[in-house]
Amino acid sequence: MGMAKPRYTINQFRKDFPNDDACLDKIFQIRYGDNPTCSECKREGKFYRIKGRRAYACQWCGHHVYPCVGTPLEKSTTALSSWFYAMYLMVVTRNGVSAKELERQLGVTYKCAWRIGHKVRELMDMLGMRSKMSGHVEVDESYVGGKTKGGKRGRGAEGKTIVFGVLERGGDVKAA
């Protein structure tokens with residue numbers, strides 16, 4: 001019997017991303033690597049954080065680099081830590097996260113929460129994180145619920161709940 005896969009907990013998340021600076025550092029590291037090269041002077045070196053901006057400056061020529069440019073975070077005034085927490089919630093939650101739940105958890109407006117959720121889902125689709133079934137896929141539905149005497153049976157019967165299932169042969173089962 002194999003060992004359980006270690007889970008990324010909320011405590012680990014809080015330790016890794018305590019504030020916006022830690023989030024921006026992670027974006028910079030993902031986009032430019034551990035030994036970034038300046039696009040202006042073509043020299044490898046360190047980039048230093050520019051206070052008050054979501055930017056870094058090259059140690060050699062002072063060229064500014066904005067890691068959020070070209071991402072959904074580019075023109076967002078919402079804190080990066082809120083974006084990261086929304087991503088965390090959406091990845092670890094089994095049944096998805098509604099905009100209303102993001103609104104409550106992040107302390108932002110519904111419009112902001114909806115946009116964050118929409119953008120994160122787009123990214124997950126782009127990265128293939130929202131798995132699509134392929135190959136042989138079987139689909140079935142059933143009606144379950146309280147007993148009824150007489151009346152309509154099966155599809156359209158009153159007081160019944162539809163259970164819909166999808167099975168990928170040799171793979172996952174999804175039901176709703």
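Contact here means heavy atoms within 4.5 Å. This is a predicted model, in which local features need pLDDT of at least 70, side-chain atom pairs count only at pLDDT 80 or more, and totals for chains, interfaces and linings use all residues. Residues are numbered from 1 along each chain as its sequence is written, and side-chain values use heavy atoms, with hydrogens and water left out.

**Core**

Start with phenylalanine 47. Leaving aside neighbours within four places in sequence, phenylalanine 47 is in contact with Phe28, Pro36, Thr37, Cys38, Tyr56, Ala57, Cys58, His63 and Val65. Phe47 also belongs to the largest nonpolar core, which has 29 residues. Such a core is a set of buried Ala, Val, Leu, Ile, Met, Phe, Trp, Tyr and Cys residues joined through side-chain atoms within 4.5 Å. Buried means under 20% relative accessible area, exposed over 50%, and partly exposed in between (1.4 Å probe, protein chains only). Phe47, Leu80, Leu102 and Ile116 have the most contacts inside this core. Two or more residues each come from α2, β2, α3, α4 (99-106) and α5 (110-126). The largest share, eight residues, comes from α3. In soluble globular proteins, nonpolar side chains tend to be buried together.

**Helix α2**

Helices (H or I, at least four residues) and strands (E, at least two) are DSSP runs, numbered from the N terminus. Helix α2 covers residues 20-32. The expected span is 1.5 Å times one less than the number of residues. Asparagine 19 caps the N-terminal end: a side-chain oxygen lies 3.2 Å from the backbone nitrogen of aspartate 21. Glycine 33 follows α2, with a positive phi near 80°. Ala22, Cys23, Leu24, Ile27 and Phe28 are the buried residues of α2. They pack against α1 (10-16), β1 (47-50), β2 (55-58), β3 (64-65) and α3 (80-92).

**Cysteines**

A disulfide is a pair of cysteine sulfur atoms within 2.5 Å. By this rule the count is zero.

| Cysteine | Nearest cysteine sulfur | Distance |
|---|---|---|
| Cysteine 58 | Cysteine 38 | 3.8 Å |
| Cysteine 61 | Cysteine 38 | 3.6 Å |

Cysteine 58 counts as buried, at 5% relative accessibility. Cysteine 61 is partly exposed, with a relative accessible area of 40%. Cysteine 61 lies in the loop between β2 and β3. Leaving aside neighbours within four places in sequence, cysteine 61 is in contact with Cys38, Glu40 and Cys41. Lysine 42 is 19 residues from cysteine 61 in sequence and 9.8 Å away in space, C-alpha to C-alpha.

How values were computed
Polar contact = N/O pair within 3.5 Å; in protein donor to acceptor, adjacent residues only side chain to side chain.
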